Amino acid sequence: MSMSDREPSMWASGWAMFAGLMMIMLGIFHAIAGFAEIIDPDSFVVTQKYVFKFDTSTWGWIHLIVGIVVFFAGFGVFRGAVWARTVGVILAVVSAAAAFAWLPYVPFWSLLLIFVAISVIWALTAHGRDVSG
Amino acid sequence: MSMDQTGMEPETSGWAAGWIAFAGIAMIMIGIFHAIAGLSEVFDSDSFVLTQEYVLKFNASTWGWIHLIAGVVLILAGVGVFGGATWARMVGILVAMLSAIANFAWLLYVPLWSILIIFVDISIIWALTVHGRDLERMSET
């Protein structure tokens with residue numbers, strides 16, 4: 001725990017809380033998009049040819065699963081454990097990549113997912129030490 | 001020097017009040033955004049319709065009322081945040097999260113409105129979590 005003497009616990013818990021909350025929110029966002037697609041797959045279709053054009057309900061399940069994992073990992077990040085931070089960053093990258101590949105379906109949803117995922121990565125990398133303090 | 005959890009000298013002074021003010025003002029602004037979106041849907045519910053099937057496709061006027069209520073709550077909570085109380089910050093974070101989630105669910109109706117509100121919600125959460133305690137620390141010294 002030798003954290004040098006810069007910016008201690010107050011900030012630490014603030015960043016951990018921000019990152020955790022963003023992950024919980026990101027998880028819920030994924031879940032909303034996932035449920036929408038699973039329940040009404042015909043409403044979310046891409047007409048053009050596209051390599052990553054799976055069944056919409058397949059995409060729905062991808063969103064739902066990613067969402068659940070990110071949601072629960074968010075609670076781990078609150079505690080600021082190193083493994084949780086690492087997992088958080090990896091999951092956020094997976095989330096952003098999935099959202100990017102899925103963008104032709106609902107561009108604005110995808111943009112938001114990516115934006116929130118980046119905010120998670122930013123909090124956990126640029127301020128990761130603060131998180132764990 | 002007793003090094004409890006809060007044992008460090010805060011480096012902030014004017015900044016502290018600044019971030020709280022930012023969060024409070026942003027919440028009031030977002031409350032107004034919600035109210036504008038809500039009122040426009042309540043009054044002209046036929047103008048905000050979704051053609052596709054969607055699980056969360058309520059009447060546009062139902063969404064309008066959700067927005068209106070969220071707007072009022074945000075404005076009140078925003079005023080509370082200025083006081084710097086811990087409970088007000090917790091409420092603020094919670095309300096901003098709910099606002100963001102509701103807007104994500106509502107995005108298919110008016111995407112750009114929704115995106116704007118969510119961006120500001122995130123900035124509120126950031127200010128309240130990362131800089132929320134600045135004001136307390138300032139007053140402790």
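Predicted model: local features only at pLDDT ≥ 70, side-chain atom pairs only at ≥ 80, totals over all residues.
A:Ala99 is buried, with 26 other C-beta atoms within 10 Å.

A:Ala99 belongs to helix H3 of chain A. Which residues does A:Ala99 touch, leaving aside those up to four places away in sequence? They are A:Ser110, A:Leu113 and A:Ile114. There is also a C-alpha distance to note here: A:Ala99 and A:Trp109 are 10 residues apart along the chain, and their C-alpha atoms are separated by 8.3 Å.

Now the helix itself. H3(A) covers residues 82-102 of chain A. It has 21 residues and reaches 30 Å from first C-alpha to last, close to the 30 Å expected at 1.5 Å a residue. The buried residues of H3(A) include A:Ala84, A:Arg85, A:Gly88, A:Leu91, A:Ala92, A:Ser95 and A:Trp102, along with A:Ala99. As background, an α-helix has 3.6 residues a turn, so residues three or four places apart point the same way.

Next, the partner of H3(A). Two packed helices are described by the angle between their axes and the distance between the axes. For H3(A) and H4(A), the angle is about 160° and the axes are 9 Å apart. Angles over 145 degrees count as roughly antiparallel, and H3(A) and H4(A) are therefore roughly antiparallel to each other. Their crossing is left-handed. On the H3(A) side, the contact is made by residues including A:Arg85, A:Val89, A:Ala92, A:Ala96, A:Phe100 and A:Trp102. On the H4(A) side, the residues include A:Ser110, A:Ala117, A:Ile121, A:Leu124 and A:Thr125. By class, this contact of H3(A) with H4(A) has 14 nonpolar residues, four polar and one charged.

Chain A as a whole, briefly. Its secondary structure is five helices and zero strands, in the order α-α-α-α-α from the N terminus on. Of its 133 residues, 47% count as buried. Among contacts in chain A with a separation of 6 or more, 73% are between residues 24 or more positions apart.

Chain B can be described in the same terms. Five helices and zero strands make up its secondary structure, and its elements also run α-α-α-α-α from the N terminus. Chain B has 141 residues, and 39% of them are buried. Residues 24 or more positions apart account for 72% of its contacts with a separation of 6 or more.

Within chain B, the pair to look at is H2(B), residues 60-82, and H3(B), residues 86-106. They pack at an angle of about 155°, with axes 9 Å apart. H2(B) and H3(B) are therefore roughly antiparallel to each other, and H2(B) passes H3(B) in a left-handed crossing. From H2(B), the contact takes in B:Trp63, B:Ile66, B:Ala70, B:Leu74 and B:Val81, among others. From H3(B), it takes in B:Arg89, B:Val95, B:Ser99 and B:Trp106, among others. The classes in this contact of H2(B) with H3(B) are 12 nonpolar, three polar and one charged.

That leaves the place where the chains meet. How many residues of chain A are in contact with chain B? The count is 22 residues of chain A, against 25 residues of chain B. On the chain A side, H1 (9-39) and H4 (107-126) each supply at least two residues. H1(A) gives the largest share, 14 residues. The chain A side divides into 16 nonpolar, four polar and two charged residues.

The axes of H4(A) and H4(B), the latter being residues 111-130 of chain B, come within 10 Å and cross at roughly 10°. That makes H4(A) roughly parallel to H4(B). The contact is made by A:Phe108, A:Leu112 and A:Ser119 of H4(A) and by B:Pro111, B:Ile115, B:Ile118 and B:Ile122 of H4(B). It holds six nonpolar residues, one polar and no charged ones.

Last, H4(B) itself. This helix has 20 residues and reaches 28 Å from its first C-alpha to its last, close to the 28 Å expected at 1.5 Å a residue. Its buried residues include B:Ser114, B:Ile117, B:Asp121, B:Trp126 and B:Thr129. B:Ile118 and B:Ile122, which belong to the contact with H4(A), are also buried.

Key: Residues numbered from 1 in each chain as written. Chains lettered and ligands numbered in written order. Helix = DSSP H or I, 4+ residues; strand = E, 2+ residues; numbered from the N terminus. Buried ≥ 20, exposed ≤ 12 C-beta atoms within 10 Å, placed from the backbone. Contact = placed C-beta atoms within 7 Å. Nonpolar A, V, L, I, M, F, W, Y, C, P; charged D, E, K, R; others polar. Axes fitted to C-alpha atoms, helices over the stretch in contact; angles between N-to-C directions. Parallel < 35°, antiparallel > 145°, perpendicular 65-115°, else oblique. Left-handed = near helix turned anticlockwise from the far one by under 90°. Expected span 1.5 Å × (residues − 1).
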